[in-house]
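This briefing covers a structure by topic. Please look over the sequence and the model first.

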Protein chains: 2
Amino acid sequence: MGPIVRSPRINRRVALSGLAVVTAAAGLLPPGPARAQAAATTDPLASWNDGATKRAITDFVARVTREDGADYVKPAERVAVFDNDGTLWAEHPMYFQLAFALDRVKALAPLHPDWTDTQPFKAVLEGDMKTLAGLGDRGAIEVITATHAGMSTAEFETVVTDWLATARHPRFKRPYTDLVYQPMIELLAYLRANGFKTFIVSGGGIEFMRPWVERVYGIPPEQVVGSSIKTAFEMRDGRPVLFRLPQVDFIDDKTGKPVGINEHIGRRPIAAFGNSDGDLEMLQWTTLADGVRLGVIVHHTDAEREYAYDRATPFGRLDKALDAAVANQWTVVDVKRDWMRVFPFEAS
Amino acid sequence: MGPIVRSPRINRRVALSGLAVVTAAAGLLPPGPARAQAAATTDPLASWNDGATKRAITDFVARVTREDGADYVKPAERVAVFDNDGTLWAEHPMYFQLAFALDRVKALAPLHPDWTDTQPFKAVLEGDMKTLAGLGDRGAIEVITATHAGMSTAEFETVVTDWLATARHPRFKRPYTDLVYQPMIELLAYLRANGFKTFIVSGGGIEFMRPWVERVYGIPPEQVVGSSIKTAFEMRDGRPVLFRLPQVDFIDDKTGKPVGINEHIGRRPIAAFGNSDGDLEMLQWTTLADGVRLGVIVHHTDAEREYAYDRATPFGRLDKALDAAVANQWTVVDVKRDWMRVFPFEAS
């Protein structure tokens, strides 16, 4: 596909001050007077169109931060949790971590001559996604363990970092870390500016995310919750290493998300952001509680600027959670309607 | 035993300004001019006697925080990890969490008439610690699951909070949370004032610590790593709960400590504080790395003010780690020599 055409809706204030907003939100300006001034004179959610969705977010933040208000929440309790795939960055045509795993199979294939006629590796090497999908969870787990285990945590970090530096998204021809959603980057910064602590709670691998999320989202590694494989501590030549074992430790998806939140954060969030049925229980855990809570679902409705999908899709299936959003009064982001800009690289 | 007599060594500066130091370190003063002034005019490590131990700590902090120095570490990487039992609070005559579990068995006994002649409960109810110890890990796990599982996370938090409010330490006749080490409270605050993020990494239960560590240590729940049992997400009467299952999830001790650090923090610490062989691997993981690192072991040498123990003891056994301290140049705190005050309640 060709380059993405920017939505014709232009907010005049943003057009005038776009650069300042983007650089400030992305943490590109140093802290201090320059940045403070940019924040004071521009809309921190400049890539969000005005309307009910944006207002639901800003009203919530106003309520929980107003010190003399009935809904005030002290900063320590302002925990906001974000799914990653499809919520903070794109997830089509496949989860980016899956693209990583397939690329790793190809890179490692010379060391494993038997892979050319052993499934699921044969399917991967032949680009036969249909056969791979037909192998189900067993195939996926074999691919994951062959590409994610058998090395130290430090080695894995290097592999991930190197891949992100060279791999390109098939449609947008850009590094995968360019495929983050600009409105969500602004939202993360806006919440932090209002005393929130922002966490990722993703079905993706915790160690696949940690090498880059601080740079891209401003979220430090200790605020990342994700799926994991087991690791073992060993002394090698007098130096300690953590070795990645081919055993699943924890799947941070569906009912696993509240479990992971409790294990890692130990507080109940007051705001949760997701985009799929994998986020349903996280949204329930966050919102079905006393006090003011915010549940948000990103509904991908814009095939032109990115992708449109919901009830029937292999990645980011949004079905039960979309019904639950109505029942529970969660805020549904309509990407086409609510996001003035989708990706940071779109011209403003 | 009778009341604890304070060590005769008195630092004059501390005697004059003791109240300000204690209140500031314990977070009892509000932020602002009053507190800033107290911090500026007093020694933040006032309960540490001058000498090589204190100097090892302050020299390390000076080196990693000096911006133009070769050993500078940026604040985001200043991760300090602390064992809890025997490092931040006392652990004799038994781990305080074990005292909690034994009290819970007694409290729950009326609901379990069979416990009067079923081990390990019979031994607990009869106060027969010898038989209980003889039942080994199996007995311990039965006591833990009977007292720590079978309820929601919210219910468990209430049980822990209620116990801490009423239980008293057998020797000191005070709430267990009074048995924290004043020098370590000061050290936590001192490190945070120097841009460190402080974490607990304890073999104790993560959910046993979280209800009180923020109040007592200034460490928020999301910075606690510990042992855990499995939890399950369920909807009950339309409300989500996390239910505590009678299954061990993770043991955060020995080789588990580096694993837990990696899982929860995702950064390698630059300073680690422990007191037993259970902390050996955490100290190795922290210190056997490039760059300036600080490893500290608290050696309990003061039977008069608290307890003296090391190589042969059921709780907080310090044997291999004491030898490793010499080999690796870790700093060993000699409680009798290095701590001017042990507990906050000692008169100054």
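A:Pro93 sits in the loop between β1 (79-82) and α4 (96-108) of chain A. Helices (H or I, at least four residues) and strands (E, at least two) are DSSP runs, numbered from the N terminus. The peptide bond that leads from A:His92 into A:Pro93 is cis, with omega near 5 degrees. This is a predicted model: local features need pLDDT of at least 70, side-chain atom pairs count only at pLDDT 80 or more, and totals for chains, interfaces and linings use all residues. Residues are numbered from 1 along each chain as its sequence is written, while chains are lettered from A and ligands numbered from 1 in the order in which they are written.

**Backbone exceptions**

- Most residues other than glycine have a negative phi, and most peptide bonds are trans.
- In chain B, a cis peptide bond links B:His92 to B:Pro93, with omega about 5 degrees.
- B:Pro93 falls in the loop between β1 (79-82) and α4 (96-108) of chain B.
- A:Lys254 is not a glycine, yet its phi is positive, near 55 degrees.
- A:Lys254 belongs to the loop between β4 and α11 of chain A.
- A:Lys254 counts as partly exposed because it has 17 C-beta neighbours inside 10 Å. The scale runs as follows: a residue is buried if 20 or more other C-beta atoms lie within 10 Å of its own, exposed if 12 or fewer, and partly exposed in between, with C-beta atoms placed from the backbone.
- B:Asp237, also not a glycine, has a positive phi of about 55 degrees.
- B:Asp237 has 5 C-beta neighbours inside 10 Å, so it counts as exposed.

**Chain A overview**

- Chain A holds 14 helices and 7 strands.
- Of its 348 residues, 44% are buried.
- Among contacts in chain A between residues at least 6 apart in sequence, 65% join residues at least 24 apart. Two residues are in contact if their C-beta atoms, placed from the backbone, lie within 7 Å.

**Sheets and strand pairs**

- Chain A has an open sheet of 7 strands with mixed pairing, in the order β4-β3-β2-β1-β5-β6-β7. Two strands pair if DSSP finds at least two bridges between them.
- β4 and β7 (331-334) of chain A are the edge strands, each with a single partner, so one side of each has no neighbour in the sheet.
- The average twist from one strand to the next is 30 degrees. Axes here are lines fitted to C-alpha atoms, for helices over the stretch in contact, and angles run from 0 to 180 degrees between N-to-C directions.
- β6 (residues 294-299) of chain A runs parallel to β7(A), with 4 bridges.
- A:Ile297 faces A:Val332 in β7(A).
- In chain B, β3(B) and β4 (residues 239-250) pair antiparallel over 8 bridges.
- β3(B) and β4(B) make a hairpin with 2 residues between them, and B:Asp237 is in the turn.
- B:Arg236 has B:Arg239 in β4(B) as its bridge partner.

**Nonpolar cores**

- The largest nonpolar core has 83 residues; A:Val81, A:Phe82, A:Tyr181, A:Phe199, A:Ile200, A:Val201 and A:Ile297 touch the most other members. Such a core is a set of buried Ala, Val, Leu, Ile, Met, Phe, Trp, Tyr and Cys residues joined through C-beta atoms within 7 Å.
- Helix α9 (residues 182-193) of chain A contributes the most to this core, 7 residues.
- At least three residues of this core come from each of domain 1 (52-93 + 179-338) and domain 2 (96-166) of chain A. These bounds come from an automatic or database domain assignment.

**Domain contact in chain A**

- The C-alpha centres of domain 1 and domain 2 of chain A are 26 Å apart.
- In the contact, 15 residues of domain 1 of chain A meet 15 residues of domain 2 of chain A.
- β4(A) gives the most to the domain 1 side, with 7 residues.
- That side has 10 nonpolar, 3 polar and 2 charged residues. Ala, Val, Leu, Ile, Met, Phe, Trp, Tyr, Cys and Pro count as nonpolar, Asp, Glu, Lys and Arg as charged, and the others, Gly among them, as polar.

**Chain A with chain B**

- The contact takes in 26 residues from chain A and 26 residues from chain B.
- α11(A) supplies the largest share of the chain A side, 5 residues.
- The chain A side has 12 nonpolar, 8 polar and 6 charged residues.
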